[in-house]
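Here is a short briefing on one protein model. Look at the fold first, then read the points below.

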Amino acid sequence: QVTESAQKKYEELAELDKKHFFHPSTSFRQQKAEGPGFIFTEGKGIYLKDIRGREVIDSLSSLWNVNIGHGREELAIAAMEQMKKLAYSSTFATNSHEPVIRLAAKIAEMAPGDLNYTFFTCGGSESNDTAFKTARYYWKMKGYKNKTKIISRGKSYHGVSIGASPATGLFPFRDFPGLSQDHLYVDSSIEALKEMIEREGAENIAAIISEPVQGSGGVNLPPSQNFFKEVREICDQNDILFIADEVINGFYRTGKNFGIDNFDVVPDMMAIAKGITSGYAPLGGVVFTDRLKDELTELTEGNFYHGYTYSGHNTACAVALKNLEIIEQEKLNENVNLMGAELLKGFKYLEQTHEEIGNIRQIGLLGAIEIFKDRETKTTFEEPVSLKVVEEALKHNMIGRAIVYEGQDTIAFAPPFCITKDEVEKMISIIDTSLTAVKQRL
Ligand code: PLP
């Protein structure tokens with residue numbers, strides 16, 4: 001039941017939203033016609049509440065980022081305490097401050113191998129820009145004039161900046177700014193990767209980037225357990241840098257510290273963001289190996305001219321430290337594996353109950369189910385069903401994420417790490433009910 005004053009406030013804000021707010025990843029026409037859907041005001045755990053008092057399950061931790069869950073006051077206090085002392089100070093040149101130093105050290109402690117040295121950004125796109133720029137700089141300084149191309153995988157998502165969007169394999173994002181000569185896309189086969197390097201020439205390729213487990217492309221695991229070991233070997237044989245995009249995977253989402261830890265590989269650089277602060281403040285970074293750091297030191301006489309005003313923002317770093325501390329203290333990282341197993345149980349139940357469900361996959365609290373007309377032959381419906389199921393789920397107060405791309409008709413899940421067994425079962429039951437309802441209308 002919506003109160004009159006809540007409805008009035010919604011309408012006032014909706015008018016202003018339509019007139020003044022340019023939404024990210026939006027349909028202009030839908031926004032113009034319908035205005036905002038939810039105007040969120042509060043959150044607690046896995047739940048979000050909107051201005052008209054409606055409470056909904058946030059099954060994707062918003063944008064795969066609110067890992068600790070909504071409404072953690074300790075993070076607000078950490079931000080407030082830091083802001084009262086020093087909200088922001090520059091980290092350019094040799095300037096520093098305690099939260100950024102402690103956070104960089106914490107990341108080194110968590111990261112695999114000799115990934116010990118972090119450059120900070122405000123998010124994932126800036127992190128990937130930084131990784132590409134540094135890779136090109138590195139090869140240029142080593143005397144390679146044309147080692148500039150970046151190879152990424154089909155269905156990958158690496159962000160939307162002018163550097164990151166052409167690296168994104170998902171076509172609508174990459175096509176938008178125009179195709180770049182400097183970017184190449186490869187499917188998930190090692191053979192195709194080898195052929196591409198042969199064809200393009202290793203002397204023209206700076207780096208290969210991949211999400212260990214793809215997120216926005218539909219929660220796709222690598223084609224084999226050995227895939228990244230082989231990619232690493234190919235990179236070493238051809239003098240190509242390997243960048244792991246850990247923006248979604250990093251900080252326990254897959255049940256390990258970083259996604260790449262599942263495959264026992266040490267990349268040359270790791271792009272991080274999202275889960276580092278659980279979204280309580282914008283922050284990202286690139287983690288470099290000692291080897292790369294030492295070589296960059298050798299190769300660079302003067303300044304390395306790359307840095308954002310908010311590289312290592314004091315308050316954001318203080319929030320990140322508190323976020324990681326709470327996740328460890330409350331063993332939320334262990335809960336990722338426990339609840340991941342519950343999620344898989346739920347997927348198996350859905351698979352048994354609905355003959356349309358197949359290709360279930362789960363790693364930590366990252367998972368997906370696919371919908372087929374005939375799961376034996378992997379034939380999909382003409383019209384994607386996942387979108388309809390997610391629409392139906394909303395009626396049962398759950399925000400779901402459908403991913404429809406190149407014949408994949410997928411529903412993805414990435415709930416906050418604080419989720420309970422009952423809450424996992426509730427999510428699964430909503431999908432069960434919603435799919436049943438949609439099937440009756442097909
Ligand atoms: N890389 C991956 C794997 C992502 O999932 C995202 C965002 O979803 C990005 C990069 C871009 O990050 P941001 O939106 O913070 O720029």
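Helix α4 (residues 73-86) packs against helix α11 (residues 314-329) at an angle of about 150°, with the axes 8 Å apart. That angle makes α4 roughly antiparallel to α11. The model is predicted.

**The α4–α11 contact**
- The crossing of the two helices is right-handed.
- From α4, the contact uses E74, L75, A78, A79, Q82, M83 and L86.
- From α11, it uses N314, T315, A318, V319, K322, N323 and I326.
- By class, this contact has eight nonpolar, four polar and two charged residues.

**The sheet**
- Seven strands form an open, mixed sheet in the order β4-β10-β9-β8-β7-β5-β6.
- β4 (115-121) and β6 (183-186) are the edge strands; each has a single partner, so one side of each lacks a neighbour in the sheet.
- The twist averages 25° from one strand to the next.
- Strands β8 (residues 241-245) and β9 (residues 269-272) run parallel and are joined by three bridges.
- D245 stands opposite A271 in β9.

**Helices on the sheet**
- Helix α6 (residues 124-141) touches β4, β5 (149-153), β7, β8, β9 and β10 (284-289). Its direction makes about 30° with that of β10.
- Helix α8 (residues 190-200) packs on the sheet against β5, β6 and β7. Its direction makes about 150° with that of β6.

**I209**
- I209 lies in strand β7 (residues 205-210).
- I209 counts as buried because it has 28 C-beta neighbours inside 10 Å.
- Leaving out residues up to four places away in sequence, I209 touches N128, I150, S152, H158, A167, I243 and D245.
- I209 and A167 are 42 residues apart in sequence, yet 8.3 Å apart C-alpha to C-alpha.

Key:
Residues numbered from 1 in each chain as written. Predicted model: local features only at pLDDT ≥ 70, side-chain atom pairs only at ≥ 80, totals over all residues. Axes fitted to C-alpha atoms, helices over the stretch in contact; angles between N-to-C directions. Helix = DSSP H or I, 4+ residues; strand = E, 2+ residues; numbered from the N terminus. Parallel < 35°, antiparallel > 145°, perpendicular 65-115°, else oblique. Left-handed = near helix turned anticlockwise from the far one by under 90°. Contact = placed C-beta atoms within 7 Å. Nonpolar A, V, L, I, M, F, W, Y, C, P; charged D, E, K, R; others polar. Buried ≥ 20, exposed ≤ 12 C-beta atoms within 10 Å, placed from the backbone. Pairing = 2+ DSSP bridges.
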